[in-house]
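This report describes selected features of a predicted model.

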Amino acid sequence: MVQYVVYLVKKSFKQEFGFVLAMPAVIWQICFLLLPALVLFWRSLFTIDSWGVTLANYVSCTGATYAAAIYNSLVLAYLTALACLLFCLPLALVINFHIKRELRTAVLLFLMMPSWTNFIIRIYSWFFLLRNDGMLFRILQGLGLLNAGSSLLANQVVTIVVMVYCYFPYMLLPIYNCISNINPRILEASGDLGASSWQTFWRVILPLSIKGIGSGWLVVTLVSFGEFAVPELIGGGKYAYWGNLVVNNFLLLSDYNAGSAVIFFGILVILASLLLIYAALKLLLLVLSHFVTIPQKLLRLNFAD
Amino acid sequence: MIEKQFWRWSAWLWFAFTIVFVYAPVVAMVVFSFNQGQSFGGWEGFSCKWYQQFLGSEDMVHALSGSLLVGCLATFFSVILSLLVVVASKWWRPWWLLEIFMVNFVVPEIFVAVVILNIFVFLKIQMGLISLVVGHTLLGFGTAVPLFRTAFSELQHALLDASLDLGATYLQTLRYVILPILKPSIIYVAFLIFSLSMDDFFINFFCSGVGFPTVSTYVYTTIRAYVDPSLNALSSSLFFLSLALVLLLTLSQSIDGIFSDD
């Protein structure tokens, strides 16, 4: 009995100790992010000139200019994610299979170091290649690929390239993490059993790295959806993006109610589109599986586990 | 055999392309920060005058020291607080305790920035150092909590129980058992959060208020207005800073296996 009481006291003291340790971070998180997010959502239900709860702010998000901006952001986000995937998947394979084990971490650090300098400075450094007196421009001009009047800035392709430059670590790390955990013996087995390199990739490596691809894809689309600095500085600011709408509403017009509706509407759109693409991909694989063999793990398309 | 050769060559080609892609802009920037003239691509002789101008410019030094201050404070708060919350989860763990920090990583950064902007304006608190540290610490939670969580779950929990059973207090266990074991990941996480804070644009853009310039906001407003070669000196200095940090991290031997789970 006494022992049981001592046990209970000790246990509850443990819990209290844990409670005290956890509180600062929890309070910080709740007071500065979670509650204010609720406040922001609450504000989005009102307009400046009326006192009733209304969806007017959300309705105005579907107007032509707003819809166009959100569409631009969606296109930008998915093109960036696709380009990042096409760039990072081979890169992760190269790092894992062609570089000595001891050097891999150093190589990754070396590749990601520029991305730890400063976001705006990374964009700025591209000016040294892209401006009309920059290196890349001169080289392309020397090769006769560009004529005198043209410019590399204010160009959609270049915008995507710089977006990839800014965001590829978010794709590279999760994919590399998955690939580095593949047991090399499985690949040996696959080769010994007569699979070609392509078959090994399609049937072994890709199914085993699907989780990393999924989380990389999720993070890259989410972060690049909010982007407005790259299109403005590199793309010449020709088109408006979702980020521009947010900036305009919050910083220029100081209309926090409309701005918060824009924020929540945009996040809703990107999340819904991610779900939609997931469903479409799953359906496509299902249909394809009637014509070609698709590995079970790919067919299930389970990113979570 | 030929196929193997082909894959090997294309692998090295891709790797070389990557190195050029990642380093060409940065190297060009560093090289031309020593340029005599104002050109972004025409070499006019070596000179350090832009560095002198950068160090002589009060605005730039202000912006740089502001960024460094915010980075240090945010690193301090987010490392300590997330370490505490992860350790606490051993003894007190409602289901939501660690999950609420996943939000910070998953929502677009612009959302976090706007939420903080809104609450500071709503409560009529002057924005500046405080709002920036608050925001960067929140960003830090998103990185630090998952990383510490992995590191802490790999730690042998029998050691903690043994330490407590042998009469150490909780604080002694924290100080003499947990901290030494987690030291490599603490160093790595601190480095990562400091870099994230120096790297950040959105929170700086929305939450720095009027009186507290940082590197991001300063460079952003300047390059949209005019060409100022002393910016190249500022940018290159920041690059050297992160180079130095990466070298320190490599030397501190805490990097083994940080990018893979095994």
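The buried residues in question are B:Thr18, B:Pro25, B:Val26, B:Ala28, B:Met29, B:Val30 and B:Phe32.

## Geometry of helix α1 of chain B

Helix α1 of chain B comprises 31 residues, 2-32. From its first C-alpha to its last it reaches 43 Å, close to the 45 Å expected at 1.5 Å a residue. A bend of about 40° occurs in α1(B) at B:Tyr23, with a proline, B:Pro25, following within four residues. B:Pro25 is also one of the buried residues of this helix.

## Overall form of chain A

Chain A contains 15 helices and zero strands. Its radius of gyration is 25 Å, well over the 19 Å given by the globule rule for 305 residues, so chain A is more spread out than a compact globule. Along the principal axes, its C-alpha atoms fill a box of roughly 80 × 60 × 45 Å.

Buried residues make up 38% of the 305 residues of chain A. Among the contacts in chain A with a separation of 6 or more, 69% join residues 24 or more positions apart.

## Contact between chains A and B

In chain A, 67 residues are in contact with 76 residues of chain B. Helix α1 (residues 2-44) of chain A supplies the largest share of the chain A side, 19 residues. By class, that side has 46 nonpolar, 17 polar and four charged residues.

Key
Residues are numbered from 1 along each chain as its sequence is written. Chains are lettered from A and ligands numbered from 1 in the order in which they are written. This is a predicted model: local features need pLDDT of at least 70, side-chain atom pairs count only at pLDDT 80 or more; totals for chains, interfaces and linings use all residues. Helices (H or I, at least four residues) and strands (E, at least two) are DSSP runs, numbered from the N terminus. The expected span of a helix is 1.5 Å times one less than its number of residues. The bend at a residue is the angle between axes fitted to the seven residues ending there and the seven starting there. A residue is buried if 20 or more other C-beta atoms lie within 10 Å of its own, exposed if 12 or fewer, and partly exposed in between; C-beta atoms are placed from the backbone. The radius of gyration is taken over C-alpha atoms; the globule rule is 2.2 Å times the number of residues to the power 0.38. Two residues are in contact if their C-beta atoms, placed from the backbone, lie within 7 Å. Ala, Val, Leu, Ile, Met, Phe, Trp, Tyr, Cys and Pro count as nonpolar, Asp, Glu, Lys and Arg as charged, and the others, Gly among them, as polar.
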